[in-house]
Amino acid sequence: MAISTPSSIQDPALSTLGSGFQSPPLSLHIASDLHQCIRYMHHLSSITEQSHNDKRLCCEYGIDDFSALDHSLISLSFKCRLSNLEECIRITLLLYSNTALWKTPLYFNWIVALVAELKTALIATDWQLVAAEHTELFLWVVLMGRYAASADVEEVIAWWDLKLRFVVSALGLHEWEHAKLIVKAFFYLEQTYGRAWEGIWNSIILGLGDELQQPEQHPAKHPCSC
């Protein structure tokens, strides 16, 4: 099902949403249909945020617009032969849509299923490539997965924490405000994720301890694929 991308709504506060997908080398690894979904996601995110101040936008865009985007993201895995990288992006976009735009509770079976699907895609991913070229993208991917798994069992949460430690170590960041600048370039809404993601970030930083203080002596370890 094709979706058309309407003209962008100008808002400086939302201008960076999705921008991280538009620059090489990442942009070169994303199929055109997936790029189209990313552009439409940016537009609907802008609508969602600005509708808090302008209720007229709620009248112009209805549930069908959001459903069309989800349908396109779901059907992409059947329509196109996506790489593991693209699969990670596609599933994370679905998690973003459902948690930030649809406001689906994390304990719903649909969220649990998406988290499991994202885990499968991550296990199949080349993590050396992640560390070398796409570390910032995977900060967003893994933070989304870890957040969406918050209502899951401890073993699942522990698996996501392990992946997140790897990405954080590869980036060498300490402060959440610096990390937030990175995830904002993909898809992030402060109202939905702010406190929760900061709490997850701080717990990971606390657990890493000296590893981030002396990165030259503690290189990021390859996470297990189990």
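A nonpolar core is a set of buried Ala, Val, Leu, Ile, Met, Phe, Trp, Tyr and Cys residues joined through side-chain atoms within 4.5 Å. With that in mind, welcome to a tour of this predicted model.

View 1. The largest nonpolar core holds 69 residues. Those with the most contacts inside this core are Phe21, Ile89, Leu137, Trp140 and Trp197. In soluble globular proteins, nonpolar side chains tend to be buried together. A closer look at Trp197, leaving aside its neighbours within four places in sequence, shows contacts with Trp140, Leu143, Met144, Tyr147, Trp176, Val183 and Tyr188.

**View 2. The whole chain, for orientation.** Here you can follow 11 helices and zero strands. Reading along the sequence gives the pattern α-α-α-α-α-α-α-α-α-α-α. The chain has 226 residues, and buried residues make up 50% of them. If we take the contacts between residues at least 6 apart in sequence, 75% of them join residues at least 24 apart. The accessible surface comes to about 11,100 Å², and carbon and sulfur atoms account for 54% of that surface.

View 3. The structure holds 18 aromatic pairs. In one of them, Phe21 and Trp140 are arranged edge-to-face, with 5.6 Å from centre to centre and 80° between the planes. This pair links distant parts of the chain: Phe21 lies in the segment before α1, while Trp140 belongs to helix α7 (residues 135–148), 119 residues apart. Are the two partners buried or exposed? Both Phe21 and Trp140 are buried.

**View 4. A cluster of rings.** Step back from that pair and a cluster comes into view, linked by ring pairs. Its members are Phe21, Tyr96, Trp140, Tyr147, Trp176, Phe186, Phe187, Tyr188, Tyr193, Trp197 and Trp201.

**View 5. A lysine over a ring.** This view turns to Lys163 and Trp127. The charged end of Lys163 sits over the ring of Trp127, 5.0 Å from the ring's centre.

View 6. Helix α1 (residues 32–50) has 19 residues, which at 1.5 Å a residue should span 27 Å; the end C-alpha atoms are 27 Å apart, in agreement. Because 15 of those 19 residues are buried, α1 is largely enclosed by the rest of the structure. Helix α4 (residues 84–101) has 18 residues and reaches 25 Å from first C-alpha to last, close to the expected 26 Å. In α4, 17 of the 18 residues are buried, so this helix too is largely enclosed by the rest of the structure. Just after α4, look for Lys103, which takes a positive phi of about 60°.

**View 7. Tyr107, out in a loop.** Tyr107 is found in the loop between α4 and α5. Why does Tyr107 count as exposed? Exposed means over 50% relative accessible area, and Tyr107 is exposed because its value is 58%. Setting aside neighbours within four places in sequence, Tyr107 is in contact with Val112 and Ala151. Tyr107 and Ala149 are 42 residues apart in sequence, yet their C-alpha atoms are 8.5 Å apart in space.

**View 8. Ala116 on helix α5.** Ala116 has its place in helix α5 (residues 109–123). With a relative accessibility of 42%, Ala116 counts as partly exposed. Gly145 is 29 residues away along the chain, and the C-alpha atoms of Ala116 and Gly145 are separated by 9.1 Å.

Key. Residues numbered from 1 in each chain as written. Predicted model: local features only at pLDDT ≥ 70, side-chain atom pairs only at ≥ 80, totals over all residues. Heavy atoms only, no water. Helix = DSSP H or I, 4+ residues; strand = E, 2+ residues; numbered from the N terminus. Expected span 1.5 Å × (residues − 1). Buried < 20%, exposed > 50% of the residue type's maximum accessible area, 1.4 Å probe, protein only. Phe/Tyr/Trp six-rings, centres within 6.5 Å; stacked < 30°, edge-to-face > 60°. Lys NZ or Arg CZ within 6 Å of the ring centre and 35° of its normal. Contact = heavy atoms within 4.5 Å. Areas by Shrake-Rupley, 256 points an atom, 1.4 Å probe, with all protein chains shown as cover.
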